[in-house]
Amino acid sequence: MNILIENAATREFLTSNGLWTKLPSQGASFATTRDAQTAAKREPIRKFNIVGHFGGTEQFFNLDNGSGKGA
């Protein structure tokens, strides 16, 4: 399972180089939801979701949500 940051408005995932992608396999994976939450709050997005992603089955589930620092 990968823990990813998803932009709630665009449904894109944050990559390790700070860009956004539609492909969850290219998203930056975090060790814990707390690590993902901390990183997401620094991003210029309004709403985000912390999601768990299982690559083999392409299943997602919401772990947490919140607000970034805004645009």
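Is phenylalanine 54 buried, partly exposed or exposed? Phenylalanine 54 is partly exposed, at a relative accessible area of 35% (buried is under 20%, exposed over 50%, partly exposed in between; 1.4 Å probe, protein chains only). The model is predicted: local features need pLDDT of at least 70, side-chain atom pairs count only at pLDDT 80 or more, and totals for chains, interfaces and linings use all residues. Residues are numbered from 1 along each chain as its sequence is written, and side-chain values use heavy atoms, with hydrogens and water left out.

**View 1. The nonpolar patch at Phe54.** Met1, Phe54, Phe61 and Leu63 make a nonpolar surface patch of about 340 Å². Patch residues have over 30% relative accessible area and no salt bridge; like charges are joined within 9 Å, nonpolar side chains (Val, Leu, Ile, Met, Phe, Trp, Tyr) within 5 Å. Areas come from the Shrake-Rupley method with a 1.4 Å probe, and for residues only the protein chains shown count as cover. A salt bridge is a side-chain nitrogen of Lys or Arg within 4 Å of a carboxyl oxygen of Asp or Glu.

**View 2. Strand β4 and its hairpin with β5.** Phenylalanine 54 belongs to strand β4, residues 47-54 (strands are DSSP E runs of at least two residues, helices H or I runs of at least four, numbered from the N terminus). Strand β4 is largely enclosed by the rest of the structure, because 6 of its 8 residues are buried. Antiparallel to β4 runs β5, residues 59-67, joined to it by 8 bridges; pairing requires at least two DSSP bridges. Isoleucine 50 is partnered by aspartate 64, and histidine 53 by phenylalanine 60. Between the two strands lie 4 residues, and glutamate 58 in this hairpin has a positive phi near 55°.

**View 3. Asparagine 7 on strand β1.** Asparagine 7 is opposite phenylalanine 48 of β4. With 10% relative accessibility, asparagine 7 is buried. Beyond its neighbours within four places in sequence, asparagine 7 contacts Glu12, Trp20, Ile45 and Lys47 (heavy atoms within 4.5 Å). A polar atom of the asparagine 7 side chain lies 3.4 Å from the backbone nitrogen of threonine 10.

Key:
Polar contact = N/O pair within 3.5 Å; in protein donor to acceptor, adjacent residues only side chain to side chain.
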